[in-house]
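Keep the structure open while you read.

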Amino acid sequence: MVLLYDALVLGVRDYLGKCGFKSAVIGLSGGIDSAVTAVIAAAALGSENVRGISMPSQYSSRGSLDDSKALADNLRIQYDVIPIKEGFEMMKKSLEPIFKGKDEDVTEENMQARLRGLIMMAASNKFGSLVLTTGNKSELAVGYCTLYGDMCGGLAVISDLPKTRVFSVSRWLNRDREIIPWNTIQKPPSAELRPDQKDQDTLPAYEVLDEILELYVEKQLSAEEITENHG
């Protein structure tokens, strides 16, 4: 785990250095992925060069906001809260003429992610900081992410880590003291884009998904081979 962590830290430091950036901005959701990304960024760049932005909607839980603030305090990084609720409602109202008669669906979920992407890119432009995306390998492999939303940014720090490995890294980071709030590690993963949403409403359990992805992506087995030999 030490070698993996060191490689991630050095990767962020080297990449930003080569691109001419000295600071980074990260969207803090209160979830495990953004938390691990923030820890790595703070180690790579120094806490004073990392800004975490929480962008709650009406679907964000109080616990997620508290966890984001606790993480930022533990890392001693800049922390800002920019709600998207008002902007989201305005966008929905603007689209009413063409969406009339249509039920809300993944469209509105993606609108929230894209509003957050807009805020992150605005902060990047204004402060000269690189946006670090927080998607893990499991989500990216199955498309559980939003183009021009949470995929906005210049470096996907943990994109080679399956979700189960992200959890392992988070527990290792907390081996001596609580850096990532334990509630972040223990709660069911959720994008919080609709009421009571959980990742497993859409995806298999990550333990199952990551095993499938290992066989399909890394070992290049076909779906038929996976079903026949590992089903």
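Is Lys92 buried or exposed? Lys92 counts as buried, because its relative accessibility is 18% and the cut-off for buried is under 20%. The model is predicted.

**Salt bridges around Lys92**

- The structure holds 11 salt bridges.
- One of them joins the side chains of Lys92 and Glu89, at 3.6 Å from N to O.
- Lys92 and Glu89 are three residues apart in helix H4, so about one helical turn separates them.
- Glu89 counts as partly exposed, at 33% relative accessibility, whereas Lys92 counts as buried.
- Lys92 also forms a salt bridge with Glu104, and here the closest N and O atoms are 3.0 Å apart.
- That pair links distant parts of the chain: Lys92 lies in helix H4, Glu104 lies in the loop between H4 and H5, and 12 residues separate them.

**A separate pair, and the network**

- Arg194 and Asp201 meet through their side chains in a salt bridge of 3.8 Å, N to O.
- Arg194 counts as partly exposed, with 28% relative accessibility.
- Asp201 also counts as partly exposed, with 49% relative accessibility.

**Second largest pocket**

- The volume of the second largest pocket is about 230 Å³.
- Helix H4 (85-99) and helix H5 (106-127) each give at least two residues to the lining.
- H4 supplies the largest share, with seven residues.
- By type, the lining splits into nine charged residues, four nonpolar and one polar.

**Largest cavity**

- How many cavities of 30 Å³ or more does a search of the whole structure find? The search finds one.
- The largest cavity holds about 40 Å³ of space.
- Two elements give two or more residues to its lining: helix H2 (32-45) and helix H3 (62-75).
- H3 contributes the largest share of this lining, three residues.
- The lining consists of Leu28, Gly30, Gly31, Ser34, Ala35, Asp67, Ser68, Leu71 and Thr184.
- Sorted by type, these residues are five polar, three nonpolar and one charged.

**Nonpolar surface patch**

- Which residues form a nonpolar patch on the surface? They are Leu140, Leu147, Tyr148 and Met151.
- Together these four residues have about 400 Å² of accessible area.
- Leu147 sits in the loop between helix H6 (137-142) and strand S5 (155-156).

Conventions
Residues numbered from 1 in each chain as written. Predicted model: local features only at pLDDT ≥ 70, side-chain atom pairs only at ≥ 80, totals over all residues. Heavy atoms only, no water. 1 Å grid on protein atoms, 1.4 Å probe; cavity = no way out; pocket = protein on both sides within 12 Å on 5 of 7 lines; lining within 4 Å. Points joined across faces, edges and corners; volume = space filled by probe spheres on them. Helix = DSSP H or I, 4+ residues; strand = E, 2+ residues; numbered from the N terminus. Nonpolar A, V, L, I, M, F, W, Y, C, P; charged D, E, K, R; others polar. Patch = residues over 30% accessible without salt bridge, like charges linked within 9 Å, V, L, I, M, F, W, Y side chains within 5 Å. Areas by Shrake-Rupley, 256 points an atom, 1.4 Å probe, with all protein chains shown as cover. Buried < 20%, exposed > 50% of the residue type's maximum accessible area, 1.4 Å probe, protein only.
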